[in-house]
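Open the model in a viewer and keep the sequence panel beside it. The stops below each give a selection and then what is found there.

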Amino acid sequence: MTLAIERKRIGRKPLTIVEVDLDFCQESMGQSSCTAVPHGNALQYSEQFDSWPISNTTVTPDTDSYSGALVADTINDASATAWGYVQGYAIGCDVTKNYTAWIRVKKDAIGRATRFPLLRMIFTAEYHDVAFDTATGEFKDDLYPNTSGVVITDPEDSGYWLVGISSRSVDPVNSSCYIQIFPAVGASATWAYSAAVIGSIVVFGGQVVEGYDVMQIPIYAKTTTAAVAATTKGAICYNTRKTCKAPANYRTSITNLLLWSEAFDNAVWNKTNATVNANVVAYDGLMTGDELVPSALGGYLYQHTTITPSSKLTFCLFVKGSATLPNYQIQISLISGFARQYFDMETGTLGAKAGTLAVDAAAMDYDGDGWYKISMTVTADASDADAWCYIISPGGALSNIYLHGAQLAASPTVGAYAKTEAVTVSVHNPKTYRFCENIAGLPVGLGALPCVKGMSTAPTRITPGKGLGYRASVTVEMTDFTHHDRGVDPYVSMRSYDPATQGSFFGKLLARNPYYKGRVLRVMSGYLAEDGSYNAANFDTRTYIIESFEIANSNGKIVIKAKDVLSKTDADKAQAPATSTGTLSVACLAAGTSITLHAGEGADYDATGSVRIGDEIIDYTSNVGDVLSGLTRATWGSVADDHDVDDSVQQCLVYTGTNVVDVVSDLLLNYTNIPVSMIPSADWNVEKIGNLSQFNVNAIITKPEGVKKLLGELAEQSLFNIWWDERAQQVKLKSIAPYITDTPLSDAANFKSISVSDKPNERVSRMIVYYGLRDRVNPDKEESYKSVHIQADLESELATKHDEKKIKVVKSRWYDVSSPVIQFASRTLKWMAETPKHAKIKLDAKDGSLWISDPIDIESDTIQGIDGAPAKTEMMILEAFENKDGDFEYLAMTSPFFGRYAIIMANGTPNYAGENSGGYIADNAAGFASDGGEAFKIT
């Protein structure tokens, strides 16, 4: 690694900025008043769905409790060929008016990819739908115009969702209105409807009221044979995450349909008369900007993707000019036509529009450091199922341009940017609140509220050979204040009170955004420019996940605590496998050939796989109609047994010959909500095919366990470090293995301070590793293993040395062959048999490019040889952070992997061709290579 020559400390004023991403839920405040809302119920038999007309469904009454009473009914659609629903008429419905319908639906673990239900309001033949996900509360209400839906947590019973739909009748021939409840209308993450999907839901309390505002929720009125007349008393207004009354241009999530959004050199980006130079310019402090180099006038690159017909599409990307560029353009091409938007990099303004399609909206916004964000929105036709996104150079002169972060989203607005690699990525589109320190001369346009009083941080620390290590954390202290609500509350002009004199900023913010836990907090540290202006390139950004957000005392002290992204692996947040909800509806004897679950529970299980019932593991090859069949009993070392009705059936997580890197990726992406954009798959793949290629896992996890624990075991036993790099905003994974180069550091050239200490308690002289599990149900017992590998560094135990054994016992459920176990044991002993040393180091900002897991070579008087001269000592950095003075502080640990390491070369490899070209046999008695240098060590 080459150290940076200097670190720019631009300007005279250091500044800390804090950004918090919340769910934009101040929208849930609704209009100016939540009182005097008409309520009542136009439906008959609001709690007796078995009295409603049904179609292709069955209704079982009183199957579940609502608010402690057995009053909720089960609606089941078992028809795989026709739509199934129950239907309730609104008595006395005036079809010239607008109405809102409500039902309570019990939450369950079945996501929309398996089954989702729907609430429909009908004015004669005019449909209005809201489809919803009973696992997450997400919903879709944009299939028909004049429809607004919502799904919120039911405050009267936390086990239920409250589902609402408001609709406006536009057809004057309507003569009646009624609602329909469909238990299962589709099975798709993209809300694709299908009559073939079956399933059941539990419902309570149907209601139809006059009025078109799904945000204003009436008191529930129970009915039997007659409707309850509407009154205007005692309306209730809810204020929870799912009640966000979004403005027309707001969407709760954005999916980037383009792949390799920051890698324009990738083959997915087609080039015509143009080439791309990758990672040649910095965007937001990182070398992620690519250069488009046209080889002929009008040279371009483009990417093709599929889209949803009739959707609004927004194409955006970040651009930076390398010359005067008045006529660069972006273009969206569809089957129905194309739209083109010119932009001028010299003036920072949009140019002309062109094409056969109308450009609904376009923008060119300055993003700092010469970068602009360009965007264009068009509307697809019903015939459009494909889109092509172009970046086209001028036709008048050859000129290059820098590119970063391309995105195409089915959205009328730009929204949050989602970085992609090989797959599309969705991100939540939050509202960002920005705060900063209260210093003199804050620049105009910073958009930060100056209320930050202080901040303390604890950096990430890796713990090689001991698991996942310590998570980075930050505590931010701010001061509350009064605020006018402009820019925060979209309805501020309609309020009957003065926001500047009622309540406080954070008091209202927390009331409007109760679901802050798990949201993103960013800390940006840096310097204002010489002229006092803000430039994002002069700031380092670190990303955390909020743990707590509170008003700490009556004096308005606000405290936010946050941890790094890997905190999402904690056992109370992420487990693998997920807890299965199914139980036996029929006893399964030891000789049984099928497993029968209760109705609707089969959808919670894989098509094929393994399950655990009691202490028996059972493989199955078929999952049809809540019956698992094709059984192989007593697998993975378990014993066949009888199982009773209502015994739990737990889906198991199985890895067979899976490389450890793929296991880690699966655990993070499928069992936490860490986005794929934070996993640098290309870097991980280098480790997978390199130092970790021998670590192939054969394991089954038979009950839910914390992802953090599983990752810790894998990191320890597979010899890699995994940590959150808050600067790169990525989860890094790096093997513990020999390295080719390191960075020399010395008293004379680098250290501002250094202290070294021995860690005798971390020494290990003997490894006992149990592997090859017989009994996969009990991996914590030594007797569950069929093999044990014992390896010792006997020399280190001699009386003339440490004169003691230091034994480490490991039970490895992940490996059942000796090769990775031997490698794990031998490398651990090589590292830990001698007493490890820790060094605390302070370096100037010019050396601040060193970071966690980097190898360094220390030459300092704090570590001397027997002759008193500084002894060169190889170390690995465990912890790194920048202190408030702009210096960098590190914790490092001694590493054994120094010298010349290489792999054995294949037959036919040519003669030695220079440093780092491979390992060769030393052919002289002194043990030197043919060039006189140190011979390679084999690894």
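How much space lies in the second largest pocket? In this predicted model, the answer is about 620 Å³.

**Stop 1: the second largest pocket**

Select Thr16, Met455, Ser525, Asn883 and Lys884 to centre the view; of the 27 residues that line the pocket, these are the closest to its centre. Next, colour the strands β1 (14-22), β33 (449-458), β35 (520-527), β36 (539-551) and β57 (873-882), each of which supplies at least two residues of the lining. Which strand gives the most to this lining? It is β33, with seven residues. Coloured by class, the lining shows twelve nonpolar, eight polar and seven charged residues.

Stay with β57 and select glutamate 874, which is found in that strand. Glutamate 874 counts as buried because its relative accessibility is 15%, below the 20% cut-off.

**Stop 2: the whole chain**

Zoom out and switch to a cartoon. The protein chain has five helices and 60 strands. Of its 939 residues, 50% are buried. Now consider contacts between residues at least 6 apart in sequence: 70% of them join residues at least 24 apart.

Colour by pLDDT next. The mean for the protein chain is 83, and 86% of the residues reach 70 or more. Select residues 24-37, where the pLDDT is below 50; this stretch has 55 contacts in the model beyond near neighbours in sequence. Then select residues 232-252, where pLDDT also stays under 50 and the model has 68 contacts beyond four places in sequence. Where pLDDT is low, the predicted coordinates should not be read in detail.

**Stop 3: asparagine 41**

Select asparagine 41, in strand β2 (residues 39-41). Is asparagine 41 buried or exposed? At 1% relative accessibility, it counts as buried. Show its surroundings: not counting residues up to four places away in sequence, asparagine 41 touches Ser46, Gly206, Gln207, Val208, Tyr220, Ala221, Thr223, Ala227 and Val228. For one of these, draw a distance between C-alpha atoms: asparagine 41 and threonine 223 are 182 residues apart along the chain, yet separated by 7.1 Å.

**Stop 4: alanine 833**

Move to alanine 833, in the loop between α5 (818-832) and β55 (837-843). Alanine 833 is buried, with a relative accessible area of 2%. Which residues does alanine 833 touch, not counting those up to four places away in sequence? They are Arg763, Val764, Asp793, Ser796, His802 and Thr828. Aspartate 793 lies 40 residues from alanine 833 along the chain, with 6.6 Å between the two C-alpha atoms.

**Stop 5: backbone details**

Asparagine 273 is not a glycine, although its phi is positive, at about 55°. At 42% relative accessibility, asparagine 273 counts as partly exposed.

Leucine 719 is the next selection, in the loop between α4 (707-718) and β48 (720-725). Its phi is near 60°, again a positive value in a residue other than glycine. Leucine 719 is buried, with a relative accessible area of 6%.

Then select alanine 576 and proline 577. The peptide bond from alanine 576 to proline 577 is cis, with omega near -10°. Proline 577 itself sits in the loop between β38 (575-576) and β39 (594-596).

**Stop 6: the cysteines**

Finally, show the cysteine sulfur atoms. How many disulfides does the structure hold? The number is zero. Select cysteine 316, which is in no disulfide; the nearest cysteine sulfur belongs to cysteine 389 and is 9.7 Å away. A disulfide needs the two sulfur atoms within 2.5 Å. Cysteine 316 counts as buried, at 2% relative accessibility. End on cysteine 652, which is buried with a relative accessible area of 6%.

How values were computed: Residues are numbered from 1 along each chain as its sequence is written. This is a predicted model: local features need pLDDT of at least 70, side-chain atom pairs count only at pLDDT 80 or more; totals for chains, interfaces and linings use all residues. Side-chain values use heavy atoms; hydrogens and water are left out. On a 1 Å grid over the protein atoms alone, a cavity is a set of points where a 1.4 Å probe fits but cannot get out, and a pocket is an open set with protein on both sides within 12 Å along at least five of seven lines; lining residues have an atom within 4 Å of a point. Grid points are joined across faces, edges and corners, and a volume is the space filled by probe spheres set on the points. Helices (H or I, at least four residues) and strands (E, at least two) are DSSP runs, numbered from the N terminus. Ala, Val, Leu, Ile, Met, Phe, Trp, Tyr, Cys and Pro count as nonpolar, Asp, Glu, Lys and Arg as charged, and the others, Gly among them, as polar. Buried means under 20% relative accessible area, exposed over 50%, partly exposed in between (1.4 Å probe, protein chains only). pLDDT is the predictor's confidence in each residue, from 0 to 100. Contact means heavy atoms within 4.5 Å.
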